[in-house]
Amino acid sequence: AHLIRREIDERAVIVTLHRTEDLDTPVLRVHLADIAAELALADRVIVHQGEDAARLNELGIERVEIIPIGARQFVGMSKESAREALGLEAPSGTHVIATYGFLLPHKGTMQLIQSVAAMRDQGVSVVMLGVCALHHDPTSAAYEESCIAEIERLDLGDSVRLVTEFLDPRVSHLLLSAADVVVLPYHESAESSSASLRFVLPVGRPVVATDIGIFHDARDSLKLVDAPPSAARLASAIVQLLQDPDEQGDYAMKARHLAHRSSLDRSVAEHTRVYREVRTSRGLR
C-alpha cells in the first residue's frame, strides 16, 4: 500500500496478485480489504481467474485484468520414446501414472500411492512415478518419510518411484512424458491458480485432478475427482481412464489445446498489451 501511494503520481503502477483469498495464520494475517483503497488506485491489477476478479470487484477494485499463468512449451514426445530414453521397461499390460509438484502434504502424493495399492487389488497393473522435488519447508522431508513408510507398508517398492531432486524442467518433462496419465491429486488451496498444471499440460497426457479452486479455470480440460482426494476416488477415476482409450485420447487432446491457449508466448502478449494500454492512458511513450 505504501509503495502504491508513493509511486502512483510519478509513474504507472501495475500489481500482479497470485492469491486474493485472506490469509490468517498464528504468525501472519493478510487481508486485501486492508489495502483495497490503495489497490483501487493502481492502473491495473492482474489476477489469474475470474473468481479473483470478482473478489476484487467486491472490494471496489475495478481496473482488473485476468491473465492465466503462462506455460513454457516443450516439444512433445511419445510415451514409447520417453520410456526408451529413460530405459524404463514396464511389463506388458502395465500402465504408468505420474504426478508432479513439490513433495508436500497438500499435494496428495500419499493418497496417490495408496491408490496404486487399490488398483493392484483390483487386478490393474500400475506403476507410479512421482516427480516431486523436496521443498525447503521442514514438513516436506517429514512427508517424504511418511510416503516411503507407506510404500514399504503396502509392499509397493517395485511399483512406486519418488524422484525428489529438483530437476531441470526438460528432465521433468521427459519423466512425465513416460506416463499414460498424469495425476494432480491436490488438496484445497487458497492459491489462485496452479503453475504445476501449466507445467504438465504441454506433455500432452490426460490429466486427472481434484475439483478445487486452483483448477477451476481448466476444469473443462481435466478429468476431475471430488476433493479431498481419497485412494478409492483416485483409483476409480484412473482405472476408468486407463480402460477407455477414446477417453484418454479426448483428455490428451484437451490438455494439448489448453497448453497452447495458456502458452508463455500468449501470457507475454497479454502482459505487453496491458502495459502498453496503461502507458497510453498515462500519456507515456
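Which residues in H4 meet which residues in H7? Lys79, Ala82, Ala85 and Leu86 in H4 meet Leu174, Leu175 and Ser177 in H7, where meeting means contact, with heavy atoms within 4.5 Å.

## Reading the model

This is a predicted model, in which local features need pLDDT of at least 70 and side-chain atom pairs count only at pLDDT 80 or more, while totals for chains, interfaces and linings use all residues. Residues are numbered from 1 along each chain as its sequence is written, and side-chain values use heavy atoms, leaving out hydrogens and water.

Helix H4 spans residues 79–86 and helix H7 spans residues 169–177. Helices (H or I, at least four residues) and strands (E, at least two) are DSSP runs, numbered from the N terminus. The axes of H4 and H7 are 8 Å apart, at an angle of about 115 degrees. Axes here are lines fitted to C-alpha atoms, for helices over the stretch in contact, and angles run from 0 to 180 degrees between N-to-C directions.

Now find Ala178, in the loop between H7 and strand E9 (181–184). Ala178 has a relative accessible area of 0%, so it counts as buried (buried is under 20%, exposed over 50%, partly exposed in between, with a 1.4 Å probe and protein chains only). Beyond its neighbours within four places in sequence, Ala178 is in contact with residues including Lys79, Ala82 and Leu86. Ala178 and Ile97 are 81 residues apart in sequence, yet their C-alpha atoms are 8.4 Å apart in space.

## Charged partners

Side chains of opposite charge can pair when their charged atoms come close. A salt bridge is a side-chain nitrogen of Lys or Arg within 4 Å of a carboxyl oxygen of Asp or Glu. How many salt bridges does the structure hold? There are 21.

One of them joins Asp217 to Arg198, with the closest N and O atoms 3.2 Å apart. This pair links distant parts of the chain, 19 residues apart: Asp217 is in the loop between strand E10 (207–210) and strand E11 (223–225), and Arg198 is in helix H8 (residues 195–200). Asp217 is partly exposed at 28% relative accessible area, whereas Arg198 is buried at 3%.

Lys223 pairs with Glu247 in another salt bridge, at 3.1 Å between the closest N and O atoms. Lys223 lies in strand E11 and Glu247 in helix H10 (residues 245–261), 24 residues apart. Both Lys223 and Glu247 are buried.
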